[in-house]
Amino acid sequence: MSLTLDEARARAALLYNVVYDVSLDLTDRETFGVAASVRFDCAEPGADTFLELTDALDLVVAGANEWSYDGRRIHLSGLEASNEVRVGARLPYVTDGDGMHTFTDPADGETYVSAYIGMDIAQRVFPCFDQNDLKAPLTLHVTAPEGWTALANARAIAHEGGRWDFDRTPPIPTAMFVVCAGPWHSVTWEHTGPDGRTLPFGWHARRSLAAELDRDAEELRRVTEQCFDHYSTIFDEPYAFDSYDQAFVPGQNWGALETPGCVTYRDEYLPIGRVTEGERRRRATVIAHEMAHMWFGDLVTMRWWEDTWLNESFADYMGFRVVEEAAGFEGSFVDFTVRRKPGAYAADERRSTHPVAAIAEEVADVDLAAGNFDSISYAKGNSVLRQLVTWLGDDAFLAGVNAYLTRHRFDNATLADFVDALDAVTDRDVRGWAQVWLRTTGFDTLRVSRDADGPVLTREGSRPHRVRVTSYDASLARIDSRLLDIGDDPIRLGDAEIVVPNSAGETFARIRLDDRSWEAVERHLASIPDDDTRAVLWSGGFDLVRSGELPATDFLGLVTRHLTREPEVTIVESVLAWTLSTLIPQHLAPADIMGAVAQVAAACESGLASEPDPEVAVVLSRSFAETTPDAVLLEQWLLDRATHTGIELDPTMRWSAIRRLAALGALTPEQIDDERHGDGTVVGELGAARALAAIPHPEAKARAWARMFEDPHVSNRMFVASAEGFWDPEQVELVHPYVARYLAEAPTVARTCGQAFSLLLGKSFPNIPLGEADVAAVEAALAGDVPTVLRREWEDSLDDLRLTLPR
Ligand SMILES: [Zn+2]
């Protein structure tokens, strides 16, 4: 059982002035050593408390009047007014990204050891009071093999041989501790910010990715400096830490983690081979997102996990905004609208939805809190903040944000603190606004209808919206585009062929067009001149399918007619991704799937024939490789090391082709293994696992299953790659028998693994056509003992599945 809200509140009331001094010994490959001093004051001498520390071996505790250990917590009795508890132990490494993660690079045999923390994980690395509102300064010492570099929250102040001493941090939450050790390849420099302060910066990657880091170093440095200078300008509070390192690390479960002073990114963000425009944009957005956390989350930290949105909604919004404002990636909200926002609408219709700002008591323990790192806290919260800025004005928004950050610096805060700060800088009713936008679930509908006098816009719901409404004439020329305040009263609009509310995506609402507008959209979608509007219409199409108002086959028709002419690469990439990951496996009957996959391949082929922008051509080629039934053509690609339209095969495209060939039954396990040897990197290891799992043969499926569920040391990445290859919607007859095994075996794994791996288990829910009998099987499984994090994922999948059944 994880830490409960009641336990956290009691401990926060009891303890104060917590200070950590932590020494880690990473020189042994079997276990790592920790020696820690935890100093703290106690408001009620004589009381009891506990330090968390998971699975400690050789545990020694000194400085406590009485103590006992249950494998998870060190119980301390008879506290003094001032205490210093010293703990020594050895702890296990992990390969699932939840703790002290160890990874040996197949490319060169080098080993890397990194602690990626987050909720409830610091206790797998050092003894601590593992909750956000006991922030504490921390001094770290690391002993690592000679030749390694150690990175951590603060800058290294002494380094000799394998010994690294880091400066003391300002007060940080335990969840934000980080250490990354290994023979990193580094690009470091000093940068002077707008306030005249000079800090050390660095980008780091595995040694085998040195060429890739050097290739992208100039852009990574530019984006870092531009975002840093921008935040330093718009926020009154200076950057609070003494250095800014960023590392591409192996096995990170999240996109990245905002650990102060040293951000870790999953190293897939530094791809071998081609870096597409979409990948550069997404990476830059994540850089801006994580840097926003230095203020939202690291300087000011949510008190308990119900206010996850104070971290994630702000960082998500600022990430998309600042990457455009400061780092030159134009149209970033087009990307948000079509790639991220659709998931938030889906999440807001599931039973698990919650207000953007939840009530603390509804997040009773940390396992439940894990579920709130979802599309509501990120993408819906982002949308709601964007609506707040549109409704309130940017000056007032930033004034409120700055008052909030300054008042609660190095401390904790809640929704009430943010609303108080905002309320003090504006005459608008922000308390009423927060009530309807932050404290409720669901969303309004903005509906266009027509009567004899022309189009009318009405709101079905209860929230105020300020949005852009754009109209086009029959030749698709824009005839009107303006911001409107939409409330209770219908708004009459000028006559037009197409009327699109929320055309720039400023609000979070379902849009429904009148028949005449939608029919025109179906005819002309790719020719509508505004990227924002097309993104809104495509994602509106996802919603129509999900709501059962547009047949999946009609959506495929839009792909065939319009995606092939779509100029904006982000839209092409996101629509193809949604079509392949959601529309085909979840909204089509098994008999229609093969035809639909071939239809997507044909659409990509036709798009490629029209000589698109080179970035669009890469995206179309990748999707073609994933969908074509033409094994002979793909074999030729591998021989030529290029596609039939002349695009060079990089590892990503090569492994897409290999996986597709495997799924078509055109490659043997031996041939895939030869490819793995030829590649020699972790990309090849994972690509081969994906391809082997995709072979349409019972023996191959059984081997992949054993790798996923019977290997106790399976890494997070290997599990995901195998699951991706395994659940192939074109192989539903072959893999459907495994649905029952998945439902039976996943809870057993989830009972012993961390939250992040539990999430991966849940996200590997069978992505194949399922029916009424499967719904009953999932319901029966949920009636049993399913651990919290997995249960949440299954309930979400079940809610989605029910929507796809015939109504
Ligand atoms: Zn974040």
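1. Two strands are taken to pair if DSSP finds at least two bridges between them, strands being DSSP runs of E with at least two residues and helices runs of H or I with at least four, both numbered from the N terminus. On that basis strand 15 (residues 185-192) and strand 16 (residues 198-205) run antiparallel and are joined by eight bridges, with Thr188 standing opposite Gly202 of strand 16. The two strands form a hairpin with five residues between them, and in the turn Gly196 has a positive phi of about 85 degrees.

2. The model is a predicted one, in which local features need pLDDT of at least 70 and side-chain atom pairs count only at pLDDT 80 or more, whereas totals for chains, interfaces and linings use all residues. Residues are numbered from 1 along each chain as its sequence is written, and side-chain values use heavy atoms, with hydrogens and water left out.

3. An open sheet is formed by three strands in the order 3-6-5, with antiparallel pairing. Strand 3 (49-52) and strand 5 (66-69) each have a single partner strand and stand at the edges, so one side of each is left without a neighbour in the sheet. Direction ignored, neighbouring strands of this sheet are turned by 20 degrees against each other on average, where axes are lines fitted to C-alpha atoms, for helices over the stretch in contact, and angles between N-to-C directions run from 0 to 180 degrees. Four bridges pair strand 5 with strand 6 (residues 73-77) in the antiparallel sense, and Tyr69 has Ile74 of strand 6 as its bridge partner. Helix 1 (residues 5-14) packs on the sheet and touches strand 3 and strand 6, its direction making about 110 degrees with that of strand 3; contact here means heavy atoms within 4.5 Å.

4. The zinc ion has as protein donors His289 (NE2), His293 (NE2) and Glu312 (OE), which lie 2.0 to 2.1 Å from it, and along the chain these donors follow the spacing H-x3-H-x18-E. Donors are N, O and S atoms within 2.8 Å of the metal (3.2 Å for Na, K and Ca), and water is not among the atoms, so sites may look incomplete. Both histidines, His289 and His293, lie in helix 3 (residues 277-293), four residues apart, about one turn of the helix.

5. Grid points are joined across faces, edges and corners, and a volume is the space filled by probe spheres set on the points. The second largest pocket has a volume of about 1,400 Å³ and is lined by 48 residues, with Asp96, Arg124, Thr752, Cys753 and Gly754 nearest its centre. Strand 8 supplies the largest share of this lining, five residues.

6. A search of the whole structure finds three cavities of 30 Å³ or more. The largest cavity, with a volume of about 140 Å³, is lined by 13 residues, of which Tyr345, Ala509, Val536, Ser539 and Gly540 are the closest to its centre. The second largest cavity holds about 50 Å³ of space, and the residues lining it include Phe40, Leu76 and Val85; strand 6 and strand 7 (82-92) are the elements that give two or more residues to that lining.

Note on methods
On a 1 Å grid over the protein atoms alone, a cavity is a set of points where a 1.4 Å probe fits but cannot get out, and a pocket is an open set with protein on both sides within 12 Å along at least five of seven lines; lining residues have an atom within 4 Å of a point.
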